[in-house]
Amino acid sequence: MAATSAAMVRLSMLPVAGVVLSAMLVPATAMAQINAEQVMAIGRNVLSMDDYMLSIQYFNQAIKAKPYLADPYFYRAIAKLSLDDYAGAEEDCTLALERNRFKSEAYKVRGFARQSMGLDSLAIEDYDRGLEYNPYDKYFLFYKAVAQTESQRWEGADSTFRVLLRQYPGFEEGYAARGRFNVLRGDTVAALSDLDRAISIDSSLVNAHLMRADINASRRNWQEAMSDMDQAVKLRPQEADLYVNRAFVRYNADDFFGAMSDYNYALQLNPNNAAALFNRALLRYEVKDLERSAADLTSVLALDPSNFHALYNRGLVYLDLQRPKEAAADFMAISKRYPRFYPAYYALAEAYRDMGDMRSAMQYAHRGDQLVEGYVTDPIHNRLDRPTIVRAEANTKGMRPGQDGESEDEVMSRFNQLVTVSEASETPLSYNEKIKGRVQDRDVQVEPEPMYTLSFLMPPTTLRSISNYFRELDELNAARYIRQQMYLNAGAAQVGESETAGRMFDIVEEYNGIIASGSGRPIDYLARGVLYTMLKNYEAALTDLDKAVSLNPQFTVAYMARAYARYIHGVNALAAGAGDDEDTEASRRLAQMAVQRGVSDALADYNMALQQDPRLIFAWFNKGNIYYALGDFTSAIQSFSEALRIDPDFGQAYFNRGISYLRMGNKAQAFSDLSKAGELGVLPSYNLLKRMK
């Protein structure tokens, strides 16, 4: 239980609202063209409504129209900052300052971004530049004091806080920040004085309540800590971690029922809250609710298989449940990872004793004794392993993303965990709700942006800059060879609704009549093949698309349609083979052959399309997706890079190349691509950036 106290409270010392509100007061540079003025005005209005993704798209348009203006870069930086894209915000502020070095608010935003990345020294330089223009600006002083605190420049921080609070004696956040400064210096008496003052000015300061609760908890003043935690929960009732922290206080105040209630509610808010699951498991173990304790620990391990503390505790629970074989498996896994963790050997001895294997039990007990005796005799040369609940985080002070000490293997491992964790499915929302607000806080499944395919359904409107323009398809539609309009969509068309599916089948019947009459043209076979692909009748689709290509070997659109159908048909064959109960091995071999043939044929078709149109970015993109699925990330990156060489605004290609870099452990390149993808409207980018940081 005590393990949760260290993570109890942390001051959110950089209120973004301060940056945004003060930045909003800066008038935009006058623009000569009325449309540029309108775009900027709409973008700033959208930004004020916290619709950051949409505002970025407006600022992008303003930058394209007038790249020499500072304001579009500056306001785009604020939007990126609000999405936790600190590197992108820093870059945009630099671009704004290159165009107008007197734009003091840009120093504030850039300093904030640098501070959020742990670049406190650079941030202080920016704040000092801003203070040259306005020596008593509240937020320049505030952020500078916090940056000095973070970099342990105690005297400088103390001096800056004094200036700040002398100029703004009613600034509650200043007192809260100085309270944290005093906590870090070890002066809890001064810290409590500052926190009391902050709360007396504004009782809704959650962080001040949390810090005061932490100080009282460290002094074992549980009732005082409880009072602050109650207030924090009241102010932020949807924040699961606050219930976990209050449960810790309640437990220590001997309120077991209250602690359990808080853990249960925290898990209602966030079913994947590992701290709540772990602590509830310990509490259940304490009251001998063993089966459910084991279930909670199993859930923790599903979220983090490397949590050896949870593994060890589950082994103990299994022992109490008289399931020694499962207990031994858990303890054995620990001993392999931590061969000098002596409690695991004593636990193994108990498990084997319960299984009736006294010889093994004695051997493991003897091993534990040897480790303890060696440590007592010479502790320097016989140190003991001590598994911790969570992996220690690397110290990232003064480093940029991608240069924080993580090895490529660690980056790959962490990203792969994100891929395999089953996220809670997102509640269906309307288009605007999906993109509004802090999109980086939404849990989004880590998957590549989907391949492009032909469809008779119009693609949905999105924020993304890519136009889905496919020259050969546009010419085909313009020629009016067929009655229906054909589109290029990202992802397979959804025709699950009975009305849509019925309409597709009716159109198939029309083409059946045309082709049966003997007057079928390549375009008719293409159209019916696309319809069959939409209806997932891939065998029939491939028959028609083969015919279209045989009648017109230069039919670029047909190659694109057939490549997609070939690939999906092969993937489906693999899935079907894996699920076949009869003659499983033979089925799998046939399925693997089918997918290999489908992949090879699909790549051949995309190459044929590219021979006829080397600038067909969607063929390059789809090739990249196939290579990504095969685990050939080098080839995937090359394909996405080729698409980006042709169209540098292809957001989906940046995203897919970014996750390909993550698969290879190249964090710096990945972060750069994901930031650009987010800038171009690819929703999951900011969520992934936040999770990987």
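Colleague: At what angle do the axes of helix α18 and helix α19 cross?
Modeller: They cross at roughly 150 degrees, and the axes come within 8 Å. Helix α18 covers residues 308-320 and α19 covers residues 324-337. An axis here is a line fitted to C-alpha atoms, for helices over the stretch in contact, with angles running from 0 to 180 degrees between N-to-C directions.

Colleague: Before we go on, what kind of model is this?
Modeller: This is a predicted model, where local features need pLDDT of at least 70 and side-chain atom pairs count only at pLDDT 80 or more, while totals for chains, interfaces and linings use all residues. Residues are numbered from 1 along each chain as its sequence is written, and side-chain values use heavy atoms, with hydrogens and water left out.

Colleague: Back to that pair: are α18 and α19 roughly parallel or antiparallel?
Modeller: Roughly antiparallel, therefore, given that crossing angle. The cut-offs are under 35 degrees for roughly parallel, over 145 for roughly antiparallel, 65 to 115 for roughly perpendicular, and oblique for the rest. The crossing of α18 past α19 is left-handed, meaning the near helix is turned anticlockwise from the far one by less than a right angle; clockwise would be right-handed.

Colleague: Which residues make the contact?
Modeller: From α18, they include Phe308, Leu311, Tyr312 and Leu319. The α19 side includes Ala327, Phe331, Ile334 and Arg337. Contact means heavy atoms within 4.5 Å. By class, α18 with α19 has ten nonpolar, one polar and four charged residues. Ala, Val, Leu, Ile, Met, Phe, Trp, Tyr, Cys and Pro count as nonpolar, Asp, Glu, Lys and Arg as charged, and the others, Gly among them, as polar.

Colleague: Zooming out, how many helices and strands are in the protein chain?
Modeller: There are 34 helices and two strands. Those are DSSP runs numbered from the N terminus: H or I of at least four residues for helices, E of at least two for strands.

Colleague: And how much of the chain is buried?
Modeller: Buried residues are 52% of the 693 in the protein chain. Buried means under 20% relative accessible area, exposed over 50%, and partly exposed in between (1.4 Å probe, protein chains only). As for contacts with a separation of 6 or more, 61% of them come from residues 24 or more positions apart.

Colleague: Let's do the strands. How do β1 and β2 pair?
Modeller: In the antiparallel sense, over four bridges. Two strands pair if DSSP finds at least two bridges between them. Leu454 stands opposite Leu488 in β2.

Colleague: Are the residues on the two faces of β1 buried or exposed?
Modeller: Buried, on both faces: Tyr452 and Leu454 are on one side, Thr453 and Ser455 on the other. In a regular strand, side chains alternate between the two faces of the sheet.

Colleague: What about α9 and α10, at what angle do they pack?
Modeller: About 160 degrees, with the axes 11 Å apart. That makes α9 roughly antiparallel to α10. Among the contact residues are Trp154, Phe161 and Leu165 of α9 and Tyr175, Phe181 and Leu184 of α10. The class count is nine nonpolar, one polar and three charged.

Colleague: And α6 with α8, roughly parallel or antiparallel?
Modeller: Roughly parallel, at an angle of about 25 degrees with axes 11 Å apart. Helix α6 brings Ser104, Tyr107, Lys108, Phe112 and Gln115, which meet Tyr139, Phe140, Tyr143, Val146 and Ala147 in α8. These divide into seven nonpolar, two polar and one charged.

Colleague: New topic: where is Arg480?
Modeller: Arg480 sits in the loop between α24 and β2. Its phi is positive, about 55 degrees, although Arg480 is not a glycine. Arg480 is exposed, with a relative accessible area of 63%.

Colleague: What is phi of Lys536?
Modeller: Near 65 degrees, again a positive value in a residue other than glycine. Lys536 lies in the loop between α26 and α27 and counts as exposed at 61% relative accessibility.

Colleague: Last one: which residues does Ile199 touch?
Modeller: Ala208, His209, Arg212 and Asp228, not counting residues up to four places away in sequence. Ile199 lies in helix α11 and is buried, with a relative accessible area of 10%. Ile199 and Ala176 are 23 residues apart in sequence and 8.3 Å apart in space, C-alpha to C-alpha.
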